[in-house]
Amino acid sequence: MNLPFLGHRHKKNGGAALPADPEGVAALLSECELLRSQAARAGVRLDDTPASLEALDQLVPRWRDDAETLPRLGNDAGLYLGTVVVRTVPGAAWLIRPDGEPVVRLASAREVEVAGPGQDWAASGVPELSQLYAEIAES
């Protein structure tokens, strides 16, 4: 998931850097409008907690029959997973790579990609978002 509108902000060594307004970027990445809409229709409230990831894992995946919706929902699922991590795991923050890819950087400096796992979850339900969260949170 490349977000070119965030711009390319490189460190001098060529690595990724946080945008000038990390709180604004976090708010933008947390929108996940399609996922939140799908969840709301199913009666699931996404409150940016690990419990909401468990609730998402229980949804009937009606979106899998819609080739247009599937990739967008997968992107949203990855961003939502990242949002929950950033809001609940101490020291976690969004990081925008030079190619525009948003990843979560943990306090240990480990970078966690969320877009691919979100796509996998939307397409097949595996791995479960709650399981991914648990693995990330214990790092």
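**View 1. R87 and D48 joined by a salt bridge in the predicted model.** In this predicted model, the side chains of R87 and D48 come together in a salt bridge, with 2.1 Å between N and O. The two partners belong to distant parts of the chain, since R87 sits in helix α4 (residues 69-88) while D48 lies in the loop between α2 and α3, and they are 39 residues apart. R87 counts as partly exposed because its relative accessibility is 45%, whereas D48 has a relative accessibility of 13% and therefore counts as buried.

**View 2. R36 as another partner of D48.** The side chain of R36 also meets that of D48 in a salt bridge, and here the N to O distance is 2.9 Å. This pair, too, links distant parts of the chain, with R36 in helix α2 (residues 33-41) and D48 in the loop between α2 and α3, 12 residues apart. With a relative accessibility of 23%, R36 counts as partly exposed. Taken together, R36, D48 and R87 form a linked network of salt bridges. As background for this view, side chains that carry opposite charges can pair when their charged atoms come close.

**View 3. The salt bridge between R97 and E113.** A search of the whole structure finds five salt bridges, and one shown here is formed by R97 and E113, whose closest N and O atoms are 2.9 Å apart. R97 is in the loop between β1 (93-96) and β2 (102-105), and E113 is in strand β3 (residues 111-113), so that the bridge links distant parts of the chain, 16 residues apart. R97 is partly exposed, having a relative accessible area of 21%, and E113 likewise counts as partly exposed, at 44% relative accessibility.

**View 4. Helix α3 packed with helix α6.** Two packed helices are described by the angle between their axes and by the distance between those axes. For helix α3 (residues 50-57) and helix α6 (residues 129-137), the angle is about 150 degrees and the axes are 7 Å apart. On the α3 side the contact is made by P50, L53, E54, L56 and D57, and on the α6 side by L129, S130 and Y133. The residues of this contact divide into five nonpolar, one polar and two charged.

**View 5. The largest nonpolar core.** The largest nonpolar core has 34 residues, and the ones with the most contacts inside it are L56, L81 and V85. At least two residues of this core come from each of α1 (22-29), α2, α3, α4, β1, α5 (115-124) and α6, and α4 gives the most, with seven residues. When residues up to four places away in sequence are not counted, V85 touches A92, V104, L106, Y133 and I136.

**View 6. L29 and D76.** L29 is found in helix α1, and it is buried, because its relative accessible area is 3% and buried means under 20%. Although L29 and D76 are 47 residues apart along the chain, their C-alpha atoms are separated by 8.6 Å.

Terms used: Residues numbered from 1 in each chain as written. Predicted model: local features only at pLDDT ≥ 70, side-chain atom pairs only at ≥ 80, totals over all residues. Heavy atoms only, no water. Axes fitted to C-alpha atoms, helices over the stretch in contact; angles between N-to-C directions. Helix = DSSP H or I, 4+ residues; strand = E, 2+ residues; numbered from the N terminus. Contact = heavy atoms within 4.5 Å. Nonpolar A, V, L, I, M, F, W, Y, C, P; charged D, E, K, R; others polar. Salt bridge = Lys/Arg side-chain N within 4 Å of Asp/Glu carboxyl O. Buried < 20%, exposed > 50% of the residue type's maximum accessible area, 1.4 Å probe, protein only. Core = buried A, V, L, I, M, F, W, Y, C linked by side-chain atoms within 4.5 Å.
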